[in-house]
Amino acid sequence: MTARTLTRRLVDEHLVGGEPVPGREIALRIDQTLTQDATGTLVMQELEALGLDRARTGVSVQYVDHNLLQADERNAEDHEFLRTAARRFGLWYSKPGNGVSHPTHMQRFGKPGETMVGSDSHTCAAGSLGMLAIGVGGLEVALAIAGEPLHLRMPEVWGVRLTGELPPWVSAKDVVLEMLRRHGVGGGRNRVIEYHGPGLDGLTAMDRHVIANMGAELGATTSVFPADDRVAEFLRAEGRAGDHRPLAADDGATYDVTDEIDLSTLEPLIARPSSPGNVVPVREVAGEPVGQVVIGSSANPGLRDFAVAAAIVRGRQTADAVSFDVNPSSREILSDLTRMGATFDLIAAGARIHQAGCMGCIGMGQAPATGHNSLRTFPRNFPGRSGTREDAVWLCSPETAAASALTGVITDPRRLAEELGLDPRLDLPADASVNTQMLVAPPPPEEARRQELVRGPNISALPDLPPLPDTLDLPVLLAMGDDVSTDEISPAGAAALPYRSNIPELAAFTFTRIDETYPQRARETGPHAVVAGDNYGQGSSREHAAITPRHLGLAVVVARSYARIHWQNLANFGVLALEFADPADRDRIGPGTVLHLSGLHGLADTDRITATDDEGNRFELTHRLSARQVEAVLAGGIIPELARPKR
């Protein structure tokens, strides 16, 4: 038998349809699912629409970690709806403040060799344990909970060999920032990144979580690490030694694409505003003034990430111009941090300790002042994501963040450590403070069936999704450039997030970071199109970025290329995603162009279609939809397709 990569081994164990050849559609059996509150309410409504009686996965967990600030009743209504829906459909429920979904799931449920989908793009973090974990739209998670397989195009496997050992004051965040420095935010599209090599010995399971998490920023389908002794060590510390299963690539396995990083050559790196791919060495921007430092998020969630920051600031006071914010990633980690005395060190140094959750990472609080640099150990710094429209967010390691909090300027932690005589060694507890009190197990089936869904007035019904006609005449309302993010399509932040369960209200925020007039113009226009450049829809898995434009009349998107999850979400909700056969044609279309398309009901038989405008210009367009996806788009989306009488 041909030697297989770890990715291929995981795919083969779960393959239920298709041939695992790069570019071909496959179907995978799913063992686990993860949903969070910013996306979960729609998932629960979709389960209701599917008529599900009880979850058919091994483990499904609903986390409440995003919409934690309760300035009014809306977020609280969502939480109660999610609690009752989790009971009704047989899901675990992680209460508000228990922790960020990704590290909490890793601590309590992650298991080597299993597959997982999650309605959050950073679901890929679970690849740190040797799982095949993929961020997808909420509807695909709902289908997985209902026992349906996940359909996706088989990605290439990108083998990244790690050698050497990280120098002092350089950490896992710098590894993934180096990947982004080399390859940018689109370098991982249609690929699984599989890390291997002797350099893994120096990376803990939670270090690997940092790297796997931000594979989403590279556009990767997911990232995968072997389940080796470091994974066994993590599971033992969590009281779950019996869940370990050794997994690695076969000897002699070959990869579709390769890269190599000598960890010993890395230095502290930082992503400048406003893209995770805008990476430079910290030393090149040292001295830039800093107004805010935030430590936490799923991108640096481990005990070590907080403990090293505490060690740097111990016995010192942060600069008077700096707001130093700490978001614990789970109650367990906050307990361990407190047990070792590090919480006191942070508080004494001026830190503001917030509740365990995503918080500032999703723009739910901690918005920075306009014109002031904010250094964050977060995965994303898209414009305005912080909650401040004209923000300046930088992404860095906990070491760089803590050093800069002390000095008030961007600071290379190696230089500060030398000046202060800091010791890079940390004495971390060998066993975790396991606390499951805020994890609610699903009730027995007979009790679950009696549970009514508690639906507050802010929770709307799913929108009607009309079928796609054969002919369309579509005004182009927006003509955009490259790397348009889902944050720009459907914003995060404290203003918009409370409406995640209310599609008509949330629609008022659609594309407003690009053009504030879009929602009103879309309502007045009716069916319309938008055009974009490369990597359209990068970032979050939020299906709201497909649903709210669809609610406002978006029928077709034409782009040079798409980010994987958003492309799938468009198909799921009946928006036709087309691509320019000639990328230069993007520049021939502007706002006000009217595109004429016909023969759309024949898309299952061809991957090409010609559009014209009012001047007679022709645009050759293509699509990458499978026959299954074409049927769903023509029906108006997957839910109408499932509801349609079978012939």
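Student: How are H6 and H7 oriented to each other?

Tutor: H6 and H7 are roughly parallel to each other, a label for angles under 35 degrees, while over 145 is roughly antiparallel, 65 to 115 roughly perpendicular and the rest oblique. The axes of H6 (residues 172-183) and H7 (residues 205-213) cross at roughly 25° and come within 8 Å. Axes here are lines fitted to C-alpha atoms, for helices over the stretch in contact, and angles run from 0 to 180 degrees between N-to-C directions. Helices (H or I, at least four residues) and strands (E, at least two) are DSSP runs, numbered from the N terminus.

Student: Before we go on, what kind of model is this?

Tutor: This is a predicted model, where local features need pLDDT of at least 70, side-chain atom pairs count only at pLDDT 80 or more, and totals for chains, interfaces and linings use all residues. Residues are numbered from 1 along each chain as its sequence is written, and side-chain values use heavy atoms, with hydrogens and water left out.

Student: Fine. Which hand does the crossing of H6 and H7 have?

Tutor: H6 passes H7 in a right-handed crossing. A crossing is right-handed if the near helix is turned clockwise from the far one by less than a right angle, and left-handed if anticlockwise.

Student: And what about H13 and H14?

Tutor: The axes of H13 (residues 398-407) and H14 are 9 Å apart, at an angle of about 60°, so this pair is oblique. H13 passes H14 in a left-handed crossing.

Student: Which residues of H10 are buried?

Tutor: Among them are Leu-303, Asp-305, Phe-306 and Val-313. In total 10 of the 11 residues of H10 (residues 303-313) are buried, so the helix is largely enclosed by the rest of the structure. Buried means under 20% relative accessible area, exposed over 50%, and partly exposed in between (1.4 Å probe, protein chains only). Just after H10, Gly-315 takes a positive phi of about 75°.

Student: How many residues of H4 are buried?

Tutor: For H4 (residues 101-108) the count is 8 of 8, so to speak mostly covered. The buried residues include His-102, His-105 and Arg-108.

Student: Now charges. How many salt bridges does the structure hold?

Tutor: The structure holds 44 salt bridges, each being a side-chain nitrogen of Lys or Arg within 4 Å of a carboxyl oxygen of Asp or Glu. One of them pairs Arg-385 with Asp-487 at 3.0 Å, N to O. The pair links distant parts of the chain, 102 residues apart: Arg-385 is in the loop between S18 and S19 (393-396), and Asp-487 is in H16.

Student: How accessible are Arg-385 and Asp-487?

Tutor: Arg-385 is buried, with a relative accessible area of 5%, and Asp-487 is buried too, at 0%.

Student: What does Glu-267 form a salt bridge with?

Tutor: Glu-267 pairs with Arg-283, the closest N and O atoms being 2.7 Å apart. Glu-267 counts as buried at 18%, whereas Arg-283 is partly exposed at 48%.

Student: Which residues are linked in a network of salt bridges?

Tutor: Arg-4, Arg-8, Asp-12 and Asp-250 are linked that way.
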